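This report describes a single protein chain, from its overall make-up to selected residue pairs. The sequence and structure come first.

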Amino acid sequence: MARLFLPCLLLLVSVQTARSSGVFELKIDSFTSSRGICRFQPQDCQIFFRVCLKHSQHVINPEPPCTYGTALTEIFDSNAISGSAPIRVPFHFKWPGTFSLIIEAWNAESKGLESTENQNNLISRLATRRKLTVAEEWSQDVDFGNQSELRYSYHVVCDKFYHGEACSAYCRPRNDTFGHYTCDDDGNRHCLEGWRGDYCSDPICAAGCSEEHGFCELPGECVCRQGWQGERCDECARHPGCLHGTCQQPWQCNCKEGWGGLYCNQDLNYCTNHKPCQNEASCTNTGQGSYTCTCRPGFTGKNCEIETNECDSNPCKNGGSCKDLVNDYSCACPQGFYRKNCEISDMTCADEPCFNGGTCMEKSTGGYSCRCPPSYTGSNCEKRIDRCSSSPCANGAQCLDHGNRVTCRCRPGFSGSRCETNIDDCASNPCRNAGTCVDGVNDFTCTCTLGFTSKDCSVRTSPCDHFPCDNGGTCFTHFTGPVCQCPKGFMGARCEYSVAISTVQPPRDDDAPPALIAAVALGLVTLSLLLCAAVHILRQLRRSRELAALSTSVKNDLETVNNRNAVIGGGGPNNGVLPGAPLGSLKEKEALLIPGGHLKVSNKDAALVDKGGDNVSMFKNKMADCNLAKEEQRLDKNKFDLKKCDSPVIVPPLSFAKESLYHSVFIIPEQMEQCVFATEV
């Protein structure tokens, strides 16, 4: 921070140096005149003095300008001149040492008015050239004019923080960011302890601190730059994670002897550095921190830390005791046996070597063997067999060894030869009243149904006996447990909580409830819909009656047309021929009954009146009448020439449903005019 503001400080110092500052002070000690000080106002005499400083002149010109400065004293009585304050003429330049001094005494025309325009008020004038150095001491001088005597003192002093013979050295003592120093009389800077530099802004670091790799912001410090460490910042910082390495420059990791890897963490000489192999085994480095131990005989394990027990394989025979040695063993053989493993016997049956009733038998190859009783074993039947050592009895039963057999004494609740069976205590159904039995060890547990308790669920009980209801509640037995029916104003499992009952005031007569208003509106809408439906039904009924009357009229006309010639199967007087009907009409009727005839019969529009009953049906009936009339006229002319009709005729079967006597049928010849024959069969 100090280095950032150092240029500003230098600029400020240069400016202050250019603006050298001081003050010239002159004090009037006494002033007398033979003409009298106040010639025109002897009773009320007031005077003042004017001082003018100029550059050194051989011939002093008293007229302005005063190049070094000018000043006026205050107005005072002639008797108070000696006690007046000094006259101060400040300057802001390098004090030259020589100067021209002009001192004038003036009469004041009026009180408080200092004017030098009227030359008649000039009492005296002193013009002299002097040489003066900067000092605190006053220089005294006297001037004897023609008619006056002036005694005065003067000196030049520098302003604050300005020093030297010319007040040109600016030095301000300070102890802040911009410097730490004091100043002498000549303006020279003297650094405080722990600081150095032209402006005492550089701290002196701790002794021995590396100037290249360390710095300090306060005296006595030693702050390391990045990549360096240590009390004096003379040690480089290794690469992060470097374990067994060094560095010459920051962030290096140069592995020491016996170490390798990027971070020098792989022990290349693990055997030498750690000596992992024990019991004088030889160690071999295999690289990257691994090794192999070659164990001496009698030892094993990764580091040869486990001694091999040669007696684990029971090498000693015939009851010999084994003693473990280093990579060896020794057998202490019983009497009559010898060799390393006691495998050779020098005894015979005459020596009675078999114990515990064993039977001795001579071998053909030499030696003997013992046949032991059931409870003993060994080469000489010296070891008793403990059949209970294998814990044959289960469930904590006691084992009893009887020599040739073993029995088990079972704990209560178990059975079997080895007490392996848990006796089912629930076999006798001890739980009553539908209780559920759970078998245990020589015991049982009953899970009772609701309303029963005790060991075998034989005691009747009520859950409400142990579940009292508070605040007058009534207890009821439920299959899930006791339930309390609480009185009004209480709630909870035991009716233990009170409930605030809100009282709802009935609505006033003048305020109709919204539900009533909605019901009335709904009723009005429903009544309106019913009225509309009734009007619609009445209109439909009246229209139906009108259509029924019209259908009856058309049907009567159709019957008249269809029965004009003859009725099929009719037994009338004219053989089914109406009076006045021509013979061609009868043939037309007969043609309808000829299978494969030349007329087409269709039931598509049958029952015109019964099914239609509308304007279309009535129009078809009228067309049937028209077609029938035209056909009769044509037959009278052409004698019913069948060759002119090329269209095939489809004659329906003559079997009709019993409940329908008449069926409307249309006969449509394709080659004829656009008329339709209609008849009823």
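## A nonpolar surface patch

Nonpolar patches are built here from Val, Leu, Ile, Met, Phe, Trp and Tyr residues that have over 30% relative accessible area and no salt bridge, with side chains joined within 5 Å. In this predicted model, Met491, Tyr497 and Val499 make a nonpolar surface patch of about 300 Å².

Tyr497 belongs to strand E48, which covers residues 497–498. Its relative accessibility is 51%, so Tyr497 counts as exposed; the cut-off for that class is over 50%.

## Overall make-up

The protein chain has six helices and 51 strands. Of its 681 residues, 31% are buried. Its accessible surface comes to about 43400 Å², and carbon and sulfur atoms account for 52% of that area.

Among contacts in the protein chain with a separation of 6 or more, 39% are between residues 24 or more positions apart.

## Annotated domains

An unreviewed UniProt entry places the feature "domain: EGF-like" at several spans, including residues 201–234, 267–305, 422–458 and 460–496. In the model, residues 422–458 are 0% helix and 30% strand, with 26 Å between the end C-alpha atoms. For residues 460–496 the figures are 0% helix and 35% strand, and the end C-alpha atoms lie 28 Å apart.

## Salt bridges around Glu104

The salt bridge count comes to ten. One of the pairs is Glu104 with Arg50, whose closest N and O atoms are 3.1 Å apart. This pair links distant parts of the chain, as Glu104 is in strand E6 (residues 98–107) and Arg50 is in strand E2 (residues 46–54), 54 residues apart. Both Glu104 and Arg50 are buried.

Glu104 also forms a salt bridge with Arg125, with 2.8 Å between the closest N and O atoms. Because Glu104 lies in strand E6 and Arg125 in strand E7 (residues 122–131), the pair ties together parts that are 21 residues apart in sequence. The relative accessibility of Glu104 is 2%, which is why Glu104 counts as buried. Arg125, with a relative accessible area of 35%, is partly exposed.

## The loop between E41 and E42

Asp443 and Lys455 meet through their side chains in a salt bridge, at 2.9 Å from N to O. Asp443 is in the loop between strand E41 (436–439) and strand E42 (444–447), while Lys455 is in the loop between strand E43 (452–453) and strand E44 (459–460), so the pair ties together parts that are twelve residues apart in sequence. Asp443 has a relative accessibility of 36% and counts as partly exposed. Lys455 is also partly exposed, with a relative accessible area of 45%.

Val441 is found in the loop between E41 and E42 as well. With a relative accessible area of 46%, Val441 is partly exposed. Which residues does Val441 contact, leaving aside its neighbours within four places in sequence? They are Pro412, Phe414, Asn422 and Asp425. For Val441 and Asp425, 16 residues apart along the chain, the C-alpha atoms are separated by 8.1 Å.

Asp141 is located in strand E8 (residues 139–144). Its side chain makes a polar contact of 2.3 Å with the side chain of Arg130. Not counting residues up to four places away in sequence, Asp141 touches Arg130, Leu150, Arg151, Tyr152 and Tyr154.

Ala169 is in strand E11, which covers residues 169–170. Not counting residues up to four places away in sequence, Ala169 touches Phe161, Tyr162, His163, Asp186 and Gly187. From Ala169 to Asp185 the sequence separation is 16 residues, and the C-alpha atoms of this pair are 9.5 Å apart in space.

Technical notes: Residues numbered from 1 in each chain as written. Predicted model: local features only at pLDDT ≥ 70, side-chain atom pairs only at ≥ 80, totals over all residues. Heavy atoms only, no water. Patch = residues over 30% accessible without salt bridge, like charges linked within 9 Å, V, L, I, M, F, W, Y side chains within 5 Å. Areas by Shrake-Rupley, 256 points an atom, 1.4 Å probe, with all protein chains shown as cover. Salt bridge = Lys/Arg side-chain N within 4 Å of Asp/Glu carboxyl O. Helix = DSSP H or I, 4+ residues; strand = E, 2+ residues; numbered from the N terminus. Buried < 20%, exposed > 50% of the residue type's maximum accessible area, 1.4 Å probe, protein only. Contact = heavy atoms within 4.5 Å. UniProt positions renumbered as here; feature names shortened; annotations may be inferred. Polar contact = N/O pair within 3.5 Å; in protein donor to acceptor, adjacent residues only side chain to side chain.
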